[in-house]
Amino acid sequence: MLSCLAGRYFNLAAFQGDDMLGFYIGEQAGPDYTLMDICVAPKYQGQGIAKRLLNAFIEHGEQHQAENLFLEVRESNAPAIGLYESAGFSHMSVRKNYYPTATGNEDAILMGMSFSL
Ligand SMILES: CC(C)(COP(=O)(O)OP(=O)(O)OC[C@H]1O[C@@H](n2cnc3c(N)ncnc32)[C@H](O)[C@@H]1OP(=O)(O)O)[C@@H](O)C(=O)NCCC(=O)NCCS
């Protein structure tokens, strides 16, 4: 089972002392790099930490010859969509009813960025 995980996932966490400010988790599949999650602790939000983490994810892709970066986000998650748009991600498609909610389901927006070779 470990061989399924080996070399496929990568991550970065930001700390202030022992306090974790935020992190991202990425996955590589060939030339495609996917941002699986990015999160900043509530008390540190709005200070540009996610922007720095996302830039580090993009730089990681660039340094490893990624061709495409992908991510999925709930359509209701305006802060995350704003973050991704400000970094240059474009809306690619919609996955209908992808995420469960307390009252039903909501769509996922698939976003991406390509590097010109
Ligand atoms: C989304 C999240 C990671 C943003 O973290 P953050 O550190 O507060 O974001 P930053 O301060 O780096 O903001 C960067 C950009 O994101 C966008 N943004 C951040 N908060 C926003 C908000 N409340 N509304 C709209 N846009 C917002 C803006 O474009 C902002 O750039 P600007 O300040 O130059 O306008 C954070 O809200 C979070 O952890 N949310 C819970 C987990 C989550 O939803 N993760 C995404 C899963 S897809």
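I began with Ala 29, which lies in strand β2, where helices (H or I, at least four residues) and strands (E, at least two) are DSSP runs numbered from the N terminus. I noted that the model is predicted: local features need pLDDT of at least 70, side-chain atom pairs count only at pLDDT 80 or more, and totals for chains, interfaces and linings use all residues. I also noted that residues are numbered from 1 along each chain as its sequence is written.

Is Ala 29 buried or exposed? I found that Ala 29 is exposed, with 10 other C-beta atoms within 10 Å; a residue is buried if 20 or more other C-beta atoms lie within 10 Å of its own, exposed if 12 or fewer, and partly exposed in between, with C-beta atoms placed from the backbone. I then looked up its separation from Tyr 9, which is 20 residues away along the chain, and the C-alpha atoms of Ala 29 and Tyr 9 are separated by 9.2 Å.

**The whole chain**

I counted three helices and six strands in the protein chain, and read along the sequence they follow the pattern α-β-β-β-α-β-α-β-β. The radius of gyration is 15 Å, close to the 13 Å that the globule rule gives for 117 residues, so the protein chain is as compact as a globular protein of that length. For that entry I kept the terms: the radius of gyration is taken over C-alpha atoms, and the globule rule is 2.2 Å times the number of residues to the power 0.38. Along the principal axes, the C-alpha atoms fill a box of roughly 40 × 35 × 35 Å. I recorded that buried residues make up 16% of the 117 residues.

**Strand pairing**

I took two strands to pair if DSSP finds at least two bridges between them. Strand β1 (residues 9–16) pairs with strand β2 (residues 19–29) in the antiparallel sense over eight bridges, and Leu 12 has Tyr 24 in β2 as its bridge partner. The hairpin of β1 and β2 has two residues between the strands, and there Gly 17 takes a positive phi near 65 degrees.

Moving on to β2 and β3, I found antiparallel pairing over eight bridges, with Gly 22 opposite Val 40 in β3. In the hairpin of these strands, which has two residues between them, Gly 30 takes a positive phi near 60 degrees.

I then turned to β6 (residues 104–114), which is joined to strand β4 (residues 68–74) by seven bridges, the two running antiparallel; Leu 69 stands opposite Met 113 in β6. Strand β5 (residues 90–101) also pairs with β6 in the antiparallel sense, over eight bridges, and Thr 101 stands opposite Gly 104 in β6. I noted that β5 and β6 form a hairpin with two residues between them.

I found Gln 65 with phi near 60 degrees, a positive value in a residue other than glycine, and placed Gln 65 in the loop between α2 and β4. Asn 97, by contrast in location, is found in strand β5, and its phi is near 55 degrees, again positive in a residue other than glycine. Gln 65 is exposed, with 9 other C-beta atoms within 10 Å, and Asn 97 also counts as exposed, with 12 C-beta neighbours inside 10 Å.

**Nonpolar core**

Which residues have the most contacts inside the largest nonpolar core? I found a core of 14 residues, and those with the most contacts inside it are Ile 38, Leu 53, Leu 71 and Met 111. Such a core is a set of buried Ala, Val, Leu, Ile, Met, Phe, Trp, Tyr and Cys residues joined through C-beta atoms within 7 Å. I saw that β3, α2, β4 and β6 each supply at least two residues of this core, and that the largest share, four residues, comes from α2.

**Around the ligand**

I counted 19 residues surrounding the ligand, the closest being Gln 45, Ala 50, Pro 79, Gly 82 and Leu 83; a residue is near a molecule if its C-beta atom, placed from the backbone, lies within 6 Å of it. β3 (32–40), α2 (49–63) and α3 (78–86) each supply at least two residues of this shell, and α3 gives the most, with six residues.
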